[in-house]
Amino acid sequence: MNFIAIFSIALNALAINKMRSALTMLGIIIGVAAVITMVAVGSGAQERVQEQIKSLGSNIMLVFPGSQTAGGVRMGAQTGQNLTEEDALAIAREIPEVQVAAANNRSAAQIVYGNTNWNTSIFGVHNDYLEARDWPLAAGRLFEAAEMAGSGKVAIIGQTVMRQLFGDSAQPGEVLDQSIRIRKVPVTIIGVLEKKGQNSFGQDQDDVAMVPLSTLRNRISGQSAGRLKRIGSISVKVREGMSMKSAEENIKELLRARLKVQAGADDPFTVRNLTEILAAQEASSRVLTYLLAAVASVSLLVGGIGIMNIMLVSVTERTREIGLRMAVGARGSDILKQFLVEATTLALCGGFLGVILGVGAAYLVGNLAGWNTHLQFSAIVLAIGFSAVIGIFFGFYPARKAASLQPIEALRYE
């Protein structure tokens, strides 16, 4: 008996009990849909973490000052003022793993343009800060050496600030050379940053304005002369292929020597390896994806058991039919193939319907719940393939039982 004839007989047998066939497929449909949806949610979480790593910049770590003690009272983290621009230069100069070490200060201020204003973060930086963060310009230019040395009244703004001051329709190239005021200090926009989006803490990275470090220190913040070289943090970018852990240890050793830290004393600074932190988050998201897929796969196994159960019932109901076919010449292998085709057809039909349901569920989760989802073609193929394997695996025992029936005993079955 050829395959087309076997397939036709199998379809006719399934069509006789449409409701039972549909209910049998339901377990596979739910299982496949659950696998696709859960994998889409998990993959979306992984993509989100990867986007955050990319937005931070590759191989980056931050150095912050430690806490300050006043009158025996220890203040909060980063309240100390013990890091200087010279420390950043020393890190870049003396540690071979470091590509760039960018000193920077941060403040908050009101920016005014015409009749509009916006409160945002003001960063005092050098050009190497943008290199450390892998943050290119959408339009304009970087700071010139004279502007960085002489407290130039220039600024580079993020796209959120651009939209708030100049309107949603503003384009980066259109706002160049416009004059804005930062704490009553007039500055000229010389550049607009590329869009970065939110960081891992949900903060808008594009809500920022950058000025030369000396400009923030001398004109905007008005720091005293005794603190002219103090900085808020150092952004360190490690060279590609170099060990982040080795660079971190070398930075700590260098700063302890420069700050004259006694042996056994706590470090008066903090080094945060952001890439390592987010990589751990990505690994956690990957494990979550596998866990969700494994849990959802249980539904497929349950669906397979349902197929085996129904096929055993079908073998019992059709015992006389099997005996009659064997009596007129059908071989055991033909009966085996027929029931295997029936089981596999049930599983595959359920798999295809489950794909449609899973894609729709992933779309709804992404749009209604606001979660990141990412449909993977490999997950769809794997789910369908797994459903076919389940059909064959769980259908083999009933098919084997049907093929092993003796024609005379089958014809006598009541």
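Lys 252 and Glu 248 sit four residues apart in helix H8 (residues 244–258), about one turn of the helix. Their side chains meet in a salt bridge, 3.5 Å from N to O. Lys 252 is partly exposed, at 24% relative accessibility, while Glu 248 is buried, at 7%. As for the spacing, residues three or four places apart point the same way because an α-helix has 3.6 residues a turn.

Before I go on: this is a predicted model. The average pLDDT is 80, and 82% of the residues score at least 70. Confidence is highest in strand S7 (residues 154–157), with a mean of 96, and lowest in strand S3 (residues 73–74), with a mean of 42. Over residues 69–79 pLDDT stays under 50. The model has 16 contacts beyond four places in sequence for that stretch.

Back to the charged pairs. The structure holds nine salt bridges. One of them joins Glu 85 to Arg 217, with the closest N and O atoms 2.4 Å apart. Glu 85 belongs to helix H3 (residues 85–94) and Arg 217 to helix H7 (residues 213–220), so this pair ties together parts 132 residues apart in sequence. Both Glu 85 and Arg 217 are buried.

Another pairs Lys 237 with Asp 134, and here the closest N and O atoms are 2.5 Å apart. Lys 237 is in strand S11 (residues 233–238), and Asp 134 is in the loop between helix H4 (127–132) and strand S6 (137–140), so the link spans 103 residues of sequence. Lys 237 counts as buried at 8% relative accessibility; Asp 134 is partly exposed at 32%.

Now the nonpolar side. The largest nonpolar core has 32 residues, and Val 32, Ile 322, Ile 335 and Phe 339 have the most contacts inside it. At least two residues each come from helices H2 (18–56), H9 (274–317), H10, H11 (332–368) and H12 (377–403). H12 gives the most, with nine. Beyond its neighbours within four places in sequence, Val 32 contacts Leu 300, Gly 351, Gly 354, Val 355, Ala 383 and Ser 387. A separate core of 22 residues includes Ile 95, Ala 101, Val 238 and Leu 254.

Last, helix H10. Which residues of H10 are buried? Across residues 319–327, they are Thr 319, Ile 322, Gly 323 and Met 326. Looking down the axis of H10, these buried residues fall within an arc of 100°, so they line one face of the helix. After H10 comes Gly 329, with a positive phi near 120°.

How values were computed
Residues are numbered from 1 along each chain as its sequence is written. Side-chain values use heavy atoms; hydrogens and water are left out. Buried means under 20% relative accessible area, exposed over 50%, partly exposed in between (1.4 Å probe, protein chains only). The arc is that of the directions from the helix axis to the C-beta atoms. pLDDT is the predictor's confidence in each residue, from 0 to 100. Contact means heavy atoms within 4.5 Å. A nonpolar core is a set of buried Ala, Val, Leu, Ile, Met, Phe, Trp, Tyr and Cys residues joined through side-chain atoms within 4.5 Å. A salt bridge is a side-chain nitrogen of Lys or Arg within 4 Å of a carboxyl oxygen of Asp or Glu.
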